[in-house]
Amino acid sequence: MSEQTKLNLLSFTGKTKILHLSWMAFFITFVVWFNHAPLLAAIGGTLGLESAQVKTLLILNVALTIPARVLIGMLTDKYGPRLIYAALLFLCSIPCFLFALADDFAQAAIARFLLGFIGAGFVIGIRMVSEWFPANELGTAEGIYGGWGNFGSAAGAMTLPTLALLFGGEDGWRYAVALTGLMSLVFSVIWYKNVSDTPKGSTYFRPKKNGGMEVTSKGDFIFMLAMKIPMYATLALLAWKLSPAGVKMLSDTAVNLIYIALLVIFVYDCYSAWKVNHEIFVKPVPEMHRYKFKQVAVLNVLYFATFGSELAVVSMLPLFFAETFELDPVYAGLLASGYAFMNLMSRPGGGWISDRYGRKRTLLILTAGLAGGYALMAMTNSSWPIALAVITAMACSFFVQAGEGAVFAVVPLIKRRLTGQIAGMTGAYGNVGAVVYLTVLSFVSYQIFFSVIAATAVLGFIVLLFMEEPQGHMAEVNEDGSVELIKVT
């Protein structure tokens, strides 16, 4: 592992340099991923978009991220985070430039859909940071990576409208969006030239087989296949949302073809998983090399409720404040930004608390707080003082984002060589949550929307009772056949 010196955030050497470059890469992915959000009024005006088309762009922006996080997790485990993060930042600058050049809704929609791929960047850094930091600092380091990187969406919301105004004219937004693509392009080179996958002398453990996640028991194999279903179901839900029954972007024929394609891909995905894992049906995996897939499943559910709700609430909170308290949209957006602003401290805080007081205990407390916070937000109405409503949202935000930090304080401690894939699946569940919550919002009131999130948090709390606190060591096999024990407590 890395040097055991104390974490010094003012340093730019060794493991701290890797941490800083990792959160910067993630920060840029979030700026690019959500660069359209604060500019939607200008974009809609230039391209002549209707309200339904604007909402469609929001949905398309998160659609591809679900399969992308799973795929990028697999590629990261196989080829290493240095190469994969550089490639992602480089390649995703292309649809960013295409979005800046879009002349109509169709071009903007295709570019936005492809840009969903950059949302997968998160899982790459999770593996990178886990390679460089010991178990007793891992929660804090992953929290800083996630929280400071996540702040990219808020930073973009604060700066991109001003940049668009400075560039001036009705095409100002195009230059602002293109600038974020240029940032991504340049940083891909900086990243590649300045990082390595592991500290000098350490081994980068890769999956024994490629094409699917390894599991270590027959029951876990069935469990893993069952956990894939919600991801495919969510993509089908997105297709339905784009159908004539939804925003009328796709024809019934096109949507039916998507359904068939998703079914075929799911069957192939299951077959690939069987190819990777068929040996467990012949001979059992030695106890030393086993891990429990239920640990992954619990984290998936928790990230559905935490990051899923964050993505959904960030999308709707400005409108909620504007409509509930009859506020100017700009002022409402400023008040709502406090929710995302909490990322700077909340997510690192959740990781730090997890390092100090235990993974499971921390998650139980934060999940209970999350449920309570959203229950309070469900009660918020126009009779409340605005200050109290903002404080409630920010308090809720602390539990949401600290919970995210605590989830990813556990992810790297399950099975080192599968960290990218586990992070990919858990991260994908965050996007599944966002799509489900935003779909619910399209049918119900704000109060019911917040109540639904609170209910899923309660479910997460119950599921969490089945998670086991990481203890002792996890075993990985070196290329020479020797076994290396990696401390997880």
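Arg-127 is found in helix 7 (residues 121-132); helices here are DSSP runs of H or I with at least four residues, numbered from the N terminus. At 0% relative accessibility, Arg-127 counts as buried, a word that means under 20% relative accessible area, while exposed means over 50% and partly exposed is in between (1.4 Å probe, protein chains only). This is a predicted model, in which local features need pLDDT of at least 70 and side-chain atom pairs count only at pLDDT 80 or more, while totals for chains, interfaces and linings use all residues. Residues are numbered from 1 along each chain as its sequence is written, and side-chain values use heavy atoms, with hydrogens and water left out.

**Around Arg-127, and charges over rings**
- Leaving aside residues up to four places away in sequence, Arg-127 touches several residues, including Asp-77, Tyr-204 and Arg-416; contact means heavy atoms within 4.5 Å.
- The charged end of Arg-127 sits over the ring of Tyr-204, 4.1 Å from its centre.
- For a charge to sit over a ring, NZ of Lys or CZ of Arg must be within 6 Å of the ring centre and within 35 degrees of the ring normal.
- Arg-82 lies over the face of Tyr-192, at 3.7 Å from the ring centre.

**Aromatic pairs**
- Rings of Phe, Tyr and Trp (its six-membered ring) pair if their centres lie within 6.5 Å; planes under 30 degrees apart count as stacked, over 60 as edge-to-face and the rest as tilted.
- By this rule the count comes to 31 aromatic pairs.
- One of them joins Phe-30 and Trp-33 edge-to-face, at 5.2 Å centre to centre and 90° between the planes.
- Both Phe-30 and Trp-33 lie in helix 1 (residues 14-33), three residues apart, or about one turn of the helix, and both are buried.
- The rings of Phe-221 and Phe-281 have centres 5.5 Å apart and planes at 85°, so this pair is edge-to-face too.
- Phe-221 belongs to helix 10 (residues 218-241) and Phe-281 to the loop between helix 11 (252-277) and helix 12 (293-325), so the pair ties together parts 60 residues apart in sequence.
- Phe-221 is buried at 5% relative accessible area, whereas Phe-281 is partly exposed at 35%.
- Ring pairs also link a cluster whose members include Phe-26, Phe-30, Trp-33 and Tyr-303.

**Helix 9**
- Ile-190 is found in helix 9, which spans residues 172-194.
- At 35% relative accessibility, Ile-190 counts as partly exposed.

Methods
Helix = DSSP H or I, 4+ residues; strand = E, 2+ residues; numbered from the N terminus.
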